Amino acid sequence: MTTKILAVDDSRTMRAMIQTALTDAGFDVDLAEDGIDGLDKLGGSNPDLVITDINMPRLDGFGMIEGVRARPECASLPILVLTTESGEELKQRARTAGATGWIVKPFDAEKLVAIINRLVV
Amino acid sequence: MSEQATIETTDERIEIVSFTIGEQAFCLDIGHVLEIRGWTSTTTLPHAPDYVVGMMNLRGAVLPVIDLSMRLGLGKTIPESRHVIIIAHIDEKSVGFLVDAVSNIITVNTEEMKPTPEVSSSRTAAFIRGVYTLEETIVRAIDVHQIMPQEALSAA
Amino acid sequence: MSDLRDMFFEECDDLLEVLSTGLDDLQNGNSDAETINAMFRSVHSIKGGAGAFGLDRLIKFAHAFENVLDDLRSNKIDVDPNITALMFSGFDHLSDLVDAAREDNDLPDSEGASVLSDLKLVTQNANGGVAEEEDASEVSSDDFVALTLDVGLDLDLGGDGPGDLPGLPSLEPVSEGASHFIVKFAADPVLYARGHDPALLFRALGEMGEMTVEADISGVATLESLQEAPAAISWTLTLRPDDGIDESTIREIFEFVEGQCTLEIMEVAAEAAPVVEATPVVEAEAPVKPAAKPAKPSAKAEAPEKDSKQEAKGGDGGKKSSEPRNSTIRVDLNRVDRLINLVGELVISEAMLRQSMNELPVSANSAVSEAIGQLKTLSGVLQESVMAIRAQPVRGLFQRMSRIVRESSRQAGKTSRLVMVGEATEVDKTVTERLVEPLTHMIRNSVDHGLEKAEDRIAAGKPEMGTIKLEAAHRSGRVVISLSDDGAGVNREKVRRKAEEKGLVRPEDDLTDSDIDNLLFRPGFSTADEISQLSGRGVGMDVVRSEIQALGGRINLQSEPGKGTTITISLPLTLAVMEGMLIEVAGESLVVPTVALRETLQPGQANIHDFCDGDRGLSVNDSMLPIVDLGEALGFRSSLEDLSNQSLLLIEGESGRRSALAVDGIVEQREVVIKGLEQNYHSIPGIAAATILGNGKIALIVDTDQMIPSPGNGNPGLRKGSELVEVNSYV
């Protein structure tokens, strides 16, 4: 079965870039626009991995990661943070919230795919 | 509509649509020609040059019809049902050319085009790019860009 | 990639709009925490996208801007007029940078430099005056430019394909005699809870050289209990690294699991590689994937719905969270236009069908005529709905204008503010686009010529800050946009004098106040004694007027001395359909727009009065209107001797001037689909556009404004333009 990825970002440009990169790599991609939307779509999408931005309206990335982790079926779902931030403090916050990895934008499609392949079986 | 073969490139085999006005034969690069239709009545335009017959309705598009004979200085055409309108797309605009009859579609080599005679009138020089000789007939190649109706410099 | 680029710039427009709205709220004291958050996110998203496209200058500036917004939202600085003003400048420069990047232009280095340093200074002061900002910003921007991945995951995975399962490490013994690493690893339960998978970490490690893995499963009782006690397994990995791999590289792999596992890394010297018999990989993998993934049989069935959701884009990403989110889609404008055209054709076909039905000799079959009646209604509704797709609020347009107000005020050394009313009013997209230039010019004019200098305002008892008001509203099927200022109003004496000097009017001409005010729209008219940098760019209000007319609009100026000036633009709701009166002249069918039509009448010869050169006037209610013989004006035939059999259409133009159009006959009033003439031809004097009638014939739409003579107005639609001016002395 194709690997399904749920990408959450409030920028439609970024969503499109992620979608293009991952679809080209053979992944199945679902998109969400912010944390709330991401959590809403989680059940229906049933992804193998989540990629999320941090700065988003309504519910930011930290909140969404916590929300994902709160669901028993998603307890070990890999969650990658994809953001322009690179501060150590923020990374630690993401880690505490339950993030799996941290990638700084702009991302290189090949590397992103490589990392995803390392996180999903 | 987007593909417009440009005749300007040399050494190339192109298809031309040949047609007649009075006794003379002319041609257009087929790349510009969208379709050929019978004469339909047009709506007269105010303050238009004498060679603009009027506007025609082509499936909802409004486009001008040019009396090519008048444009080339060969006299005014009194349009009737035997006349033909060549619908062409030139410089992003659609236009109808009123001619006597369409004769043929022929493949020519652009290299075979000869220049117009030196004695050319200014109109010949402006509107005729050159001539092809096809079975003893001289076919005049229309300069499509020049032949298009020009907006008068002074509107009044 | 270029599609994405286009998308990015489109998104930038939306984000800048959010930012601009936020700035307005900030200025008006309507801001709350979410306002600043939304502004921050907008700039942040621009920075993020800019990073993806390597737009270094935009990144740097957005970064500095974002820092100030960050300081604002964390209350390190307070909103005050200086900060607001700086952020407005920041917004302007950010827009410029976006525009420049969009056009692949580079702004001069000097541009925006002071704003950038001011922004940096604010952040620096907010953070205890530490000059760290300069450096931090440089470093950060480099980060964005360069491909940056978190080191914890940034590994060269070589040719590792998606289908490659965590085929853990070769089981072959590590060659003896080389230096190698021994990694001892035991995962805490939390590691699994954060989505990590030891097998995948090992695979990454395995790509750094030859590796063997040994799992110590001594603590594991049964397979079933693995999930509860994953830490019971510990692994020993032995790696003979490839070139360039050292301990820090290895540590980087584990960076993100730091604190979630026990990790020990030892470098072992050349001899005595402790080759361990590898435990079967299966067992090592077993705990790695707890039964966390429910089966997903429904995934395929949901696919179509999901696809459509993916298309749904929320352009309102920056709105306040409490607002309901409208689901929107983005559609190429060409597709919409094609649809609109097709529906236009449908309406025409429907009219043709109805006409042919009427001509049938048989008495109307009631079922058929009922169906046709329904078709007419439906196609009408369909057309309206399709037109609504092109409509968009004027907010974006108005916000662009607020910048023009700021800039022109600065250049003119005046203080002024822009008040916007009715920004939600929807107008055809093309109209809003084509209004940018005329409005820009009008606003520059208002600031430059309309508003008085500060001292004059104070002397006149007005507030020092001038007010420019931009208002939009729907009024009787048209969009009305007005621009007013609370300035000095038109100096009629000066305007009149100027017009006389330029020969536009004669000293003896009797002109109303409104006539004088509207002289400003005359070609080449400029009241500024010295050509100012702002509005004296060789473009006059006449250009504004012709632009508005090209949109099928009317423009009018009203002024009250000492109180201010209001310019009103009235535009059709859509550019595609209008209400018109079908008339006949010299065998041709023409349409006169209903908006200009005041009255139709059959003249008695007694009401028509002859003047010089065949000019004629019509006496109506004590006034004398010029009669324009339409057939003659359009050059279809020579002037008619006898007008008594003609129908007269009383039309009124923008300026309020009237004339009577003499036509052969009036057919009916109807809605027509407008077809531009410029697309395949060019504009024609006296003609605004064309339309296609029910019988498939083309009818030209008369440009009524060009059929109304006015003082000195060289109306190109009028054959006898200059002579007809004479008539005006009777108006």
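Here is a short chat about the three chains of this predicted model.

Visitor: Let's start with chain A. In what pattern do its helices and strands follow each other along the sequence?

Guide: Chain A has five helices and five strands. Reading along the sequence, you get β-α-β-α-β-α-β-α-β-α.

Visitor: And what share of the residues in chain A is buried?

Guide: Chain A is 121 residues long. Among its contacts with a separation of 6 or more, 58% join residues 24 or more positions apart. As for burial, the buried share of chain A comes to 67%.

Visitor: Take helices H2 and H3 of chain A. Are they roughly parallel or roughly antiparallel to each other?

Guide: H2(A) covers residues 35-45 and H3(A) covers residues 61-69. Their axes come within 9 Å and cross at roughly 20 degrees. Angles under 35 degrees count as roughly parallel, so H2(A) and H3(A) are roughly parallel.

Visitor: Which residues of H3(A) meet H2(A) there?

Guide: The crossing of the two helices is right-handed. By class, the contact has four nonpolar, five polar and no charged residues. H2(A) brings Gly35(A), Gly38(A), Leu39(A) and Leu42(A), and these meet Gly61(A), Gly63(A), Met64(A), Gly67(A) and Val68(A) of H3(A).

Visitor: On to chain B. Which are the edge strands of its open five-stranded sheet?

Guide: The order in this sheet is S8-S1-S2-S10-S9 (chain B), and the pairing is mixed. An edge strand pairs on one side only, which here picks out S8 (101-109) and S9 (128-134) of chain B.

Visitor: What about chain C itself: what percentage of its residues is buried?

Guide: Chain C has 21 helices and 22 strands. Of its contacts with a separation of 6 or more, 69% are between residues 24 or more positions apart. Out of 731 residues in chain C, the buried ones make up 40%.

Visitor: Are H3(C) and H4(C) roughly parallel or roughly antiparallel?

Guide: H3(C) runs over residues 56-73 and H4(C) over residues 81-102. They pack at about 160 degrees, with the axes 10 Å apart. Angles over 145 degrees count as roughly antiparallel, so H3(C) and H4(C) are roughly antiparallel.

Visitor: Which residues of H4(C) are in that contact?

Guide: H3(C) passes H4(C) in a left-handed crossing. The contact residues divide into eight nonpolar, two polar and one charged. From H3(C) come Arg57(C), Leu58(C), Phe61(C), Ala62(C) and Phe65(C), and from H4(C) come Gly90(C), His93(C), Leu94(C), Leu97(C), Val98(C) and Ala101(C).

Note on methods: Residues numbered from 1 in each chain as written. Chains lettered and ligands numbered in written order. Predicted model: local features only at pLDDT ≥ 70, side-chain atom pairs only at ≥ 80, totals over all residues. Pairing = 2+ DSSP bridges. Helix = DSSP H or I, 4+ residues; strand = E, 2+ residues; numbered from the N terminus. Buried ≥ 20, exposed ≤ 12 C-beta atoms within 10 Å, placed from the backbone. Contact = placed C-beta atoms within 7 Å. Axes fitted to C-alpha atoms, helices over the stretch in contact; angles between N-to-C directions. Parallel < 35°, antiparallel > 145°, perpendicular 65-115°, else oblique. Left-handed = near helix turned anticlockwise from the far one by under 90°. Nonpolar A, V, L, I, M, F, W, Y, C, P; charged D, E, K, R; others polar.
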